[in-house]
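Please keep the sequence and the coordinates at hand while reading.

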Amino acid sequence: MPIKVTIDIFSGIPNPVVELSGKQAQDLIERLKPGNSLVADEAEKAVTPILGYRGLIVEQTGASLADKDMPTRFRVSSGAVVGGGLAHRAADSDVESYFFSSKGPFKKVKGAAKIRSLIQQEVGRSAEIRDQIALPTFPFPIPIVCSCAPLYEPSWWNDGGQKQLNNNCYNYATNYRSDTFAQPGKAAGAMYTALTCASVRPAAIKDELIDSPGANNKCPQEGHLVALVIAPNVDFHWFRKGRNGFWSHKPGGTAVTNVDNSGNFISDPRTANRGIYTVFCTFMVVKHGHIKIK
Amino acid sequence: MATSRSSDRALNYVAGASIFSGRPDPVWTVSRVDAERLKSLWDSMESYEGDLPAAPVLGYRGCFLRESSGREWFAFNGVVTLKTASGSEARKDIRRRFEEQLLYLAPKGAIPPQLVDPGRLS
């Protein structure tokens, strides 16, 4: 009946893990048993990824479960227990304070004494941040407008490390992780020579993107739609259209997002607030498996 | 946060700005003399307790000074944050002096003046 507890806090380095068994495991499970149901958007806030402490991931790892009424994997965040059908307050709503206290299971982590105060601060900070999260609302029901488009999975890209820092808007728009901060035309030996539509567009075509200036924000039959915009003589930027018909993007080494410079969802990149990227260049189609970027 | 200046002699400094999306962001080295000047400015700043200024999704999003010891100062819109292994601390960058001086150290042409004109920051 062992359980594994991952302290979900870091972005670049591996998270600390605590393995518990016997009485210790049972004690923690008892504290985590569901109390009152969460209300309104508390469950969604509890699992919204943030930088810093994001909660405890509890997994029952043994053949015989520590508690068969509890899910095999769930998350604990700011006293909420979420996952595997649970969306409740923990029976001990202060369970994280206990976990990270000098008597709690966290003491089993190598170097615990050195990082305990930092994590305790982070637990408090995380709770404050989660209280303040304003969840954007999508129109409901969400229609699948572009069934061939890539999934919007920002947490996969936003790791704060290798994937996030080494992949830019072109990588994200083409859904092609190269870890090289890809440049249009580079893989084909025909990189753009100026930061203009006239130069970047043919460079992307050399990478096997299909120029579709008349796409008019409509999904293609095959592949997915991307859009090239230009900050004249400064930079280029790409957006990609998702399954729900809305667009998302990754500004350089920063996190993937689905809002524009005004904080609005992007229904059409031609009309979005694009800041310095004032020139809308063209729509293009990415056929999955056809392109090569570097 | 005063530092031991004698131990600082072995440190190296790199600076950069978060601006672009497609192109790699500009990065430049900073001399120890210039870094000391910036650190003195940091030492003179008042503590800041409020929310950090929100940066735009696209466009200039701030600049940083990274010390080879791992410490990093990030400046944006009137607040400088120092990140260390043990945590972070924010201070008021009145008239954006720290940010302005750091951006002035960028090589000519590295930062498009129409995006960030250091002389106009304050």
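The place of A:E208 is in the loop between α8 (197–206) and β8 (210–211) of chain A. The model in which this residue is seen is a predicted one. Most residues other than glycine have a negative phi. A:E208 is not a glycine, yet its phi is positive, at about 80°. With a relative accessible area of 48%, A:E208 is partly exposed, because that class covers values between 20% and 50%.

A second residue with a positive phi belongs to chain B. B:R96, likewise not a glycine, has a phi of about 55°, and it is placed in the loop that runs between β6 (87–92) and α2 of chain B. Is B:R96 buried or exposed? Its relative accessibility is 16%, so B:R96 counts as buried, the limit being under 20%.

Two packed helices are described by the angle between their axes and the distance between the axes. For helix α1 (residues 32–43) of chain B and helix α2 (residues 97–104) of chain B, the angle is about 175° and the axes are 10 Å apart. The two helices, α1(B) and α2(B), are therefore roughly antiparallel to each other, since angles over 145 degrees fall in that class. On the side of α1(B), the contact is made by B:R37, B:L38, B:L41 and B:W42, while α2(B) contributes B:R97, B:F98, B:Q101 and B:L102. Sorted by class, the residues in this contact are 5 nonpolar, 1 polar and 2 charged.

Chain A, to which the reading now returns, has 8 helices and 12 strands. Of its 294 residues, 48% are buried. Among contacts in chain A between residues at least 6 apart in sequence, 61% join residues at least 24 apart. The accessible surface of chain A is about 13,800 Å², and carbon and sulfur atoms account for 52% of this surface.

The next topic is the interface of the two chains. The size of an interface is often given as the accessible area lost when the parts come together. Between chain B and chain A, the buried area is about 1,500 Å², with 62% given by carbon and sulfur atoms. Chain B brings 16 residues to the contact and chain A brings 26 residues. Which three residues supply more than any other three of the area that chain B buries against chain A? They are B:S21, B:V57 and B:L58, which supply 42% of that area.

Although B:L58 and B:F20 are 38 residues apart in sequence, their C-alpha atoms are 7.8 Å apart in space. Leaving aside neighbours within four places in sequence, B:L58 is in contact with A:H237, A:F239, A:H249, A:P251, A:N261, A:R274 and A:Y277.

One of these partners, A:R274, lies in the loop between β11 (247–249) and β12 (279–286) of chain A. A:R274 is buried, with a relative accessible area of 8%. Its C-alpha atom is separated by 6.4 Å from that of A:D260, 14 residues apart along the chain. Not counting residues up to four places away in sequence, A:R274 touches A:V229, A:F239, A:N261, A:P269, A:V279, A:F280 and B:L58.

Definitions and conventions: Residues numbered from 1 in each chain as written. Chains lettered and ligands numbered in written order. Predicted model: local features only at pLDDT ≥ 70, side-chain atom pairs only at ≥ 80, totals over all residues. Heavy atoms only, no water. Helix = DSSP H or I, 4+ residues; strand = E, 2+ residues; numbered from the N terminus. Buried < 20%, exposed > 50% of the residue type's maximum accessible area, 1.4 Å probe, protein only. Contact = heavy atoms within 4.5 Å. Areas by Shrake-Rupley, 256 points an atom, 1.4 Å probe, with all protein chains shown as cover. Axes fitted to C-alpha atoms, helices over the stretch in contact; angles between N-to-C directions. Parallel < 35°, antiparallel > 145°, perpendicular 65-115°, else oblique. Nonpolar A, V, L, I, M, F, W, Y, C, P; charged D, E, K, R; others polar. Buried area = accessible area lost by both parts, 1.4 Å probe.
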